[in-house]
Amino acid sequence: GIEAWYMDESSEDQKLPHRLKPNQPVTLRQLEQIGVYYWKLNADIYENDPELQKIREEKGYSYMDIITIHPDKLPDYENKVKMFYEEHLHLDDEIRYILDGSSYFDVRDKDDRWIRIAVSKGDLITLPAGIYHRFTVDESNYTKAMRLFVGEPVWKAYNRPADDSDIRKAYVNSLRCS
Ligand code: KMT
Ligand code: NI
């Protein structure tokens, strides 16, 4: 399963865990409250997995592709790693299924504190449209992930600040009644 924790404020290497001392864990329930959802699947059978198929049908995840984030596989690796780490939001949910390796998704909580979510093989995670977030590889420098999308993918990222956008307002509003 995934593990999540509140991050320290240090500007050291983004690939390090950045745990507080003592560690301040974040539960799945807390993640759900900010619209982050999680499934555990068997990544060894992703090419023909009825469980994945069921989720895709129920959620309408018609699109998928696979990205390998590794210095030898992804052109312009270090620049892309930096880019993924810019705080941003999207107009749609970000849905990622980790097929191999490990990495971190960071999301802002209701009080604007960073939560770090460690994902690895078999973790399917969804971040809601409008949430401020970022992504980084960890020290392993390797993640293979399936990117899922409802319909034709729109990858555009809106860097913070995007507080006046309708999607941000809708997301912030959704937090009040949950
Ligand atoms: C994103 O949205 O940050 C990415 O696509 C990065 C890699 S997906 C595990
Ligand atoms: Ni994103």
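Of the 178 residues of this protein, 23% count as buried. Buried has a cut-off: 20 or more other C-beta atoms lie within 10 Å of the residue's own, with C-beta atoms placed from the backbone. A residue with 12 or fewer is exposed, and anything in between is partly exposed.

Before I go on, this is a predicted model, where local features need pLDDT of at least 70, side-chain atom pairs count only at pLDDT 80 or more, and totals for chains, interfaces and linings use all residues. Residues are numbered from 1 along each chain as its sequence is written, while chains are lettered from A and ligands numbered from 1 in the order in which they are written.

Now the overall dimensions. Along the principal axes, the C-alpha atoms fill a box of roughly 40 × 35 × 30 Å. The radius of gyration is 16 Å, which agrees with the value near 16 Å that a compact globule of 178 residues would have. That radius is taken over C-alpha atoms, and the globule rule is 2.2 Å times the number of residues to the power 0.38.

How many helices and strands are there in the protein? There are four helices and 11 strands. These are DSSP runs, numbered from the N terminus: helices are H or I with at least four residues, strands are E with at least two.

Next, contacts. Two residues are in contact if their C-beta atoms, placed from the backbone, lie within 7 Å. Taking the contacts with a separation of 6 or more, 75% are between residues 24 or more positions apart.

On to the core. A nonpolar core is a set of buried Ala, Val, Leu, Ile, Met, Phe, Trp, Tyr and Cys residues joined through C-beta atoms within 7 Å. The largest one here has 26 residues, and Tyr-97, Phe-105, Val-107, Ile-117, Ile-125 and Leu-127 have the most contacts inside it. Two or more residues come from each of E6, E7, strand E8 (123–127) and E10. Which element gives the most to this core? That is E6, with seven residues. Take Val-107 as an example: leaving out residues up to four places away in sequence, Val-107 touches Ile-34, Val-36, Ile-115, Ile-117, Leu-127, Ile-131 and His-133.

Helix H2, residues 50–59, is hardly covered, with one buried residue among its 10. After H2 comes Gly-60, with a positive phi near 75°.

Now the ligand. Around ligand 1 we find Ile-67, Ile-69, Phe-84, Glu-94, Arg-96, Phe-135, Thr-143 and Ala-145. To count as near the ligand, a residue needs its C-beta atom, placed from the backbone, within 6 Å of it. Strand E4 (63–69), strand E6 (94–108) and strand E10 (143–149) each give two or more residues to this shell. By type, the shell has five nonpolar residues, one polar and two charged. In this scheme Ala, Val, Leu, Ile, Met, Phe, Trp, Tyr, Cys and Pro are nonpolar, Asp, Glu, Lys and Arg are charged, and the others, Gly among them, are polar.

How do those strands fit together? Strands pair if DSSP finds at least two bridges between them. E4 and E10 pair in the antiparallel sense over seven bridges, and Ile-69 has Thr-143 in E10 as its bridge partner. E6 and E10 also pair in the antiparallel sense, over six bridges, with Ala-145 in E10 as the bridge partner of Ile-98.

Some backbone details to finish. The peptide bond from Lys-21 to Pro-22 is cis, with omega near 0°, and Pro-22 sits in the loop between strand E1 (3–6) and strand E2 (25–26). Another cis peptide bond joins Arg-160 and Pro-161, with omega about 5°. Pro-161 is in the loop between strand E11 (158–159) and helix H4 (166–176).

Asp-112 is not a glycine, but its phi is positive, near 70°. Its place is the loop between E6 and strand E7 (114–120). Is Asp-112 buried or exposed? Asp-112 is exposed, because 7 other C-beta atoms lie within 10 Å. Asn-141 has a positive phi too, about 55°, and lies in the loop between strand E9 (133–137) and E10. Asn-141 has 16 other C-beta atoms within 10 Å, so it is partly exposed.

Last, His-88, in strand E5 (residues 88–89). His-88 has 19 other C-beta atoms within 10 Å, so it counts as partly exposed. Residues up to four places away aside, His-88 touches Arg-134, Ala-157, Tyr-158, Asn-159 and Arg-160.
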